Structure formats: structure tokens, C-alpha cells
Amino acid sequence: MKIHQLEGYIQNIFLVEYSEKLLLLDGCSRADVSILKRFITEQLGRPFEQLKLVMVTHMHPDHAGGASYLQKHYPLELATGDVAGEWYQGFRGRVMHLMDLGLAYYVGQRHQRERVNLWYSPLLSTKYRLKDGDQLPGFSDWQVLFTPGHTDRDLSLYHPETQTLYVADTILRVKQKLICPFPISQPADYRASLERYRQLAVSNYLLAHGEGGEISSDELLALQQLCPAKPTRYKQFLGDLIRKKFA
């Protein structure tokens, strides 16, 4: 097994290589599909059809947008968490989907990325709905951990043999500092997810945003203490933007 880290539109992409198959640890964004295809076919020199499974840790644009596109165009399988309902269900869900797309464009602008098409369906049809502790279909050396907080359905992916843990957006590193994600929909669950990390044997953290590597138990404890007491909302985020704009 070999893990490749690619630079995506606004996040890190992690592709796991085996002798005859490939695993994508998260669904990335729609803008990342061409990056992924070039890497597999040109850098690895392998047929794209060897990509067998795409995990979707949660439904945000940089974690599900590519999966949605890939599902329509290639014979691969998607897997996500077994949570009732859809993250973007109903009218409020559709509004939130548009706001999340807007936030993705904002982050892309901050990263000085060209404006691209990030649109994807707010509803995703997946073959596998995985529970906490399940092994990944076809990749039994990886284990699903249910680690909500950022959303109500976040997954982390653990490889016990190498003590490697992909945490998606649960932990971010910005300017060498660990920070909490935005939004945090369930603060108590978020702190519990970080506590779960502290109890695991992890020597290598894979972060969707920022540099991974070693993260100490004390750093995780400090991050727990940074977690807000109440859920963070877009209203608060927009208010902060306006204050910075006119400060």
C-alpha cells in the first residue's frame, strides 16, 4: 500500500495505491477530477478503471463534488456513512448547499484559484452505507470511524497497520496552527470525536486542509478547548466577513 497526496482545488486529495486497485479516501471536488485522472493515467501509468472505491466522508463540495461527477461517468462504487436522511434535504438543506458552494468559491479565491465549475448534486446515491467499525468494501485493511461534529455524519478512515488516520475536515492546520473546522454543527460530538482520536494509536494524521503528520495528545486536548460551546452558523461567518471588510 502507498498513499499519494495530491493538491486539489482547495483541499488535499489522498489516493491509496495497491497492486491492482486504487482507493480514493474522499470524494474531492468536481474541479479535482481532471487532476485525479491525470495522476492515475500519466503519473502512475494505470487505467483509471482501477479506481474501485471512492469514500465520501461528508457532503461538502470539496468532499463529495468529485464523487458525484465520477459516479455518473465511471463504473466505480461510492461509500459513505450510515446516517438517516440527507445532509442537504428539504428547502433549508438546498439553501445550505448553495451557501457551502459559495464558501468553497470564497476559499478558492483566497487560494488564488481560477473560478471553475464546482456544481454537484446535493443528493448522492451510494452503494455502501457504512457504520462505525466497518471495514471499507474491497479494502479491509481500512476501518470506518464515525466522528461527527463538523456535520452530523463525518467519517474518519483508519489504517491500523500503519497507524494512519484520515480525518477529513475534523482537524485543520492553518499557518502551522491546528484549528477547528467551520461550521461545527454539534460541538459536544466534535469534542468527543477529538477525544476518540486521543485514544487511538495514530502516528500519521492525514488532513484535508493543511499539513498532516504527528499530532500530540496535548494538541488534541487544546483543540477540544478551542471548540465553541454553541454551534457555529453562517450568520456568524458572514458577520465576521463584513466586520473585516469595513474595519
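In β3, what is the bridge partner of E17? It turns out to be L22. This is a predicted model, where local features need pLDDT of at least 70, side-chain atom pairs count only at pLDDT 80 or more, and totals for chains, interfaces and linings use all residues. Residues are numbered from 1 along each chain as its sequence is written, and side-chain values use heavy atoms, with hydrogens and water left out.

Strands β2 (residues 12–17) and β3 (residues 22–24) run antiparallel and are joined by three bridges; strands here are DSSP runs (E, at least two residues), helices likewise (H or I, at least four), numbered from the N terminus. Both belong to an open, mixed sheet of six strands, ordered β1-β2-β3-β4-β5-β6, with pairing taken as at least two DSSP bridges between two strands.

Helix α1 (residues 33–43) touches β1, β2, β3 and β4 (51–55), contact meaning heavy atoms within 4.5 Å. Helix α2 (residues 61–73) touches β3, β4 and β5 (77–81).

Further along, the axes of α4 (residues 187–199) and α5 (residues 217–226) come within 9 Å and cross at roughly 175°; axes are lines fitted to C-alpha atoms, for helices over the stretch in contact, and angles run from 0 to 180 degrees between N-to-C directions. The pair is therefore roughly antiparallel, a label for angles over 145 degrees. On the α4 side, Y190, R191, L194, E195, Y197 and R198 meet S217, L220, L221, L223 and Q224 of α5.

Technical notes:
Angles under 35 degrees count as roughly parallel, over 145 as roughly antiparallel, 65 to 115 as roughly perpendicular and the rest as oblique.
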